[in-house]
Amino acid sequence: MRYVSTRGQAHALGFSDVLLAGLARDGGLFVPESWPQMSTQDVADLAGRPYADVAFEIVRPFIGGEIPDDELRRICVSTYASFRHEAVAPLVQLAPGRWIMELFHGPTFAFKDIAMQLLARLMDHVLAKRGSRATIVGATSGDTGAAAIEAFRGRNNVDVFILFPEGRISPIQRRQMTTAEADNVHAIAVSGTFDDCQAIVKELFGNIGFRERTALAGVNSINWARILGQIVYYFTAAVALGAPGRPIAFTVPTGNFGNVFAGYAAKRMGLPVAKLVVATNVNDILARTLETGEYRVGPVTATTSPSMDIQVSSNFERLLFEVYDRDGVAVAGLMDELKRTGGFVLSQGALERVRSDFEGGRADEAETAAELSAIYRGTGFLADPHTAVGLAVARRLAEPGVPMVGLATAHAAKFPEAVTAATGVNVGVPRQLAGIMDKPERFVTLANDRAAIEAHIVHNTRAIAEKV
Ligand SMILES: *Cc1c(COP(=O)(O)O)cnc(C)c1O
């Protein structure tokens with residue numbers, strides 16, 4: 001299996017190189033050169049099997065033989081052994097034909113663990129085999145940084161540096177990053193905003209000398225392995241509800257388009273997916289694009305579902321590549337127009353193809369709170385605000401006879417204020433989260449200054465053999 005860039009100008013690479021590279025040299029995102037196919041029988045055979053087994057079957061064809069089967073199987077088993085629920089991604093019924101899939105049973109109580117835990121093990125394995133090390137650098141406004149630190153802490157071949165905006169994330173989110181007891185974890189509070197943090201990370205990746213010297217690697221959702229790890233649960237949910245015998249619909253609270261793109265990948269591999277609902281909060285660039293055909297960046301508004309407060313959905317580029325018949329020049333043109341003018345218009349053919357697989361919708365803050373409350377009153381289930389956005393949008397788009405699965409992307413306890421405001425319920429803090437409130441914190445505070453952060457990374461990473 002080789003991977004090509006969505007912008008058509010970079011060399012095709014194998015899985016291990018794609019895992020470490022993150023972004024392609026031409027600025028594009030890597031996608032598999034073809035979609036592995038599962039027959040109806042292959043899909044049927046997944047029913048009732050342990051999650052790690054299904055993960056092995058789905059992930060295997062994408063590795064292209066670069067990791068031996070017995071090793072890959074061990075990695076899948078170890079990855080999902082770190083989850084608190086035996087089913088890993090259990091289904092809960094809300095009403096006839098309406099389900100949710102709980103994706104928050106990983107160590108940080110958000111769905112990012114499902115792919116990040118796998119990615120970290122795959123990366124450590126590839127680096128060990130090559131006898132090399134890497135430096136992970138990322139910026140976070142909350143969930144991604146915690147998931148990355150939890151996944152990489154204690155791993156031999158990787159040092160992880162996470163930048164977060166000082167004083168601008170919740171105490172729980174900060175403590176999830178600063179209480180990891182591992183020498184290879186470096187949490188950095190930056191005196192600035194999330195955008196400042198992200199800008200510095202971009203500059204670090206743009207500095208070729210620094211990037212090569214520190215063997216810089218990225219783990220944000222443009223890394224193909226993040227998508228790969230998320231394809232699996234679309235299969236486990238669908239077969240549990242009757243696939244391949246009947247099609248299943250999913251509603252996905254969407255920010256960077258990574259999660260819902262994994263659903264699309266499952267469909268391309270042969271899973272009968274009736275529709276994928278792209279659910280956004282008021283930061284609705286994707287819902288607007290589906291409605292009008294115009295992808296246009298607007299201002300970002302803070303909401304109770306902060307992981308979806310995004311106006312540029314990086315992974316949408318992967319879908320553009322597909323609906324433009326894998327024409328990298330066309331995609332590069334659209335991305336260039338986006339950079340110059342803040343938007344672009346999809347061709348009629350491309351828009352029709354997007355609409356044949358996806359439906360979009362948005363839920364504002366009042367609708368999200370009303371949904372949270374309705375779900376709680378109707379079923380006793382406490383949804384988090386991201387999950388509630390997905391459920392609210394799906395209510396308008398469900399079809400009789402087609403099960404609709406809402407992806408529950410975070411545990412309600414991560415967003416207690418919004419959940420309590422909507423339901424009146426005082427959300428308890430799970431034991432595992434409560435523990436971090438008493439642990440000592442370890443982080444440095446640095447100026448909003450690329451050079452200072454660069455120096456800190458150079459000083460602390462083990463990826464550089466000789467230091468001056
Ligand atoms: C990251 C995140 C999302 C958005 O997922 P994308 O893959 O970026 O679309 C939704 N909900 C929660 C809780 C998240 O952490």
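Me: Buried means under 20% relative accessible area, exposed means over 50%, and partly exposed is what lies in between, using a 1.4 Å probe and protein chains only. Is C76 buried or exposed?

Reply: C76 is buried, at a relative accessible area of 1%. C197 is buried too, with 0%. Before we go on: this is a predicted model, so local features need pLDDT of at least 70 and side-chain atom pairs count only at pLDDT 80 or more, while totals for chains, interfaces and linings use all residues. Residues are numbered from 1 along each chain as its sequence is written, and side-chain values use heavy atoms, with hydrogens and water left out.

Me: How many disulfides does the count come to?

Reply: A disulfide is a pair of cysteine sulfur atoms within 2.5 Å. By that rule the count is zero.

Me: Next, the strands. How many bridges join β3 to β4?

Reply: Helices (H or I, at least four residues) and strands (E, at least two) are DSSP runs, numbered from the N terminus. Two strands pair if DSSP finds at least two bridges between them. Here four bridges join β3 (residues 91-95) to β4 (residues 98-102), and the two run antiparallel. Look for A95, which stands opposite R98 in β4. Two residues lie between the strands of this hairpin, and G97 takes a positive phi near 80° there.

Me: Which residue other than glycine has a positive phi?

Reply: F109 is one of them, with phi near 65°. F109 sits in the loop between β4 and α5 (112-130) and is buried, at a relative accessible area of 2%. Another is R326, whose phi is near 60°. R326 belongs to the loop between α13 and α14 (328-341) and is partly exposed, at 27%.

Me: What sits over the ring of F109?

Reply: A charge sits over a ring if NZ of Lys or CZ of Arg is within 6 Å of the ring centre and within 35 degrees of the ring normal. For F109, the charged end of R84 takes that place, 3.7 Å from the ring centre.

Me: How many aromatic pairs does the structure hold?

Reply: Rings of Phe, Tyr and Trp (its six-membered ring) pair if their centres lie within 6.5 Å; planes under 30 degrees apart count as stacked, over 60 as edge-to-face and the rest as tilted. The structure holds 16 such pairs. W35 and W224 make a tilted one, 6.3 Å centre to centre with 55° between the planes. W35 lies in the loop between β2 (30-32) and α2 (40-44), and W224 in helix α10 (residues 224-240), so the pair ties together parts 189 residues apart in sequence. W35 counts as buried at 7% relative accessibility, and W224 does at 1%. Y264 and F358 are stacked, at 5.8 Å centre to centre and 25° between the planes. That pair links Y264 in α11 (residues 258-268) with F358 in β13 (residues 358-362), 94 residues apart. Ring pairs also link a cluster that includes W35, W224, Y264, F316 and F358.

Me: Which residues are closest to the ligand?

Reply: A residue is near a molecule if one of its heavy atoms lies within 4 Å of it. Fifteen residues surround the ligand, and the closest are K112, D143, G255, N256 and T409. For polar contacts, look for N or O atoms within 3.5 Å; within protein, one must be able to donate a hydrogen and the other to accept it, and residues adjacent in sequence count only if both atoms are side-chain atoms. A ligand oxygen is 2.5 Å from an N or O atom in the side chain of K112. A ligand nitrogen is 2.9 Å from an N or O atom in the side chain of T409.
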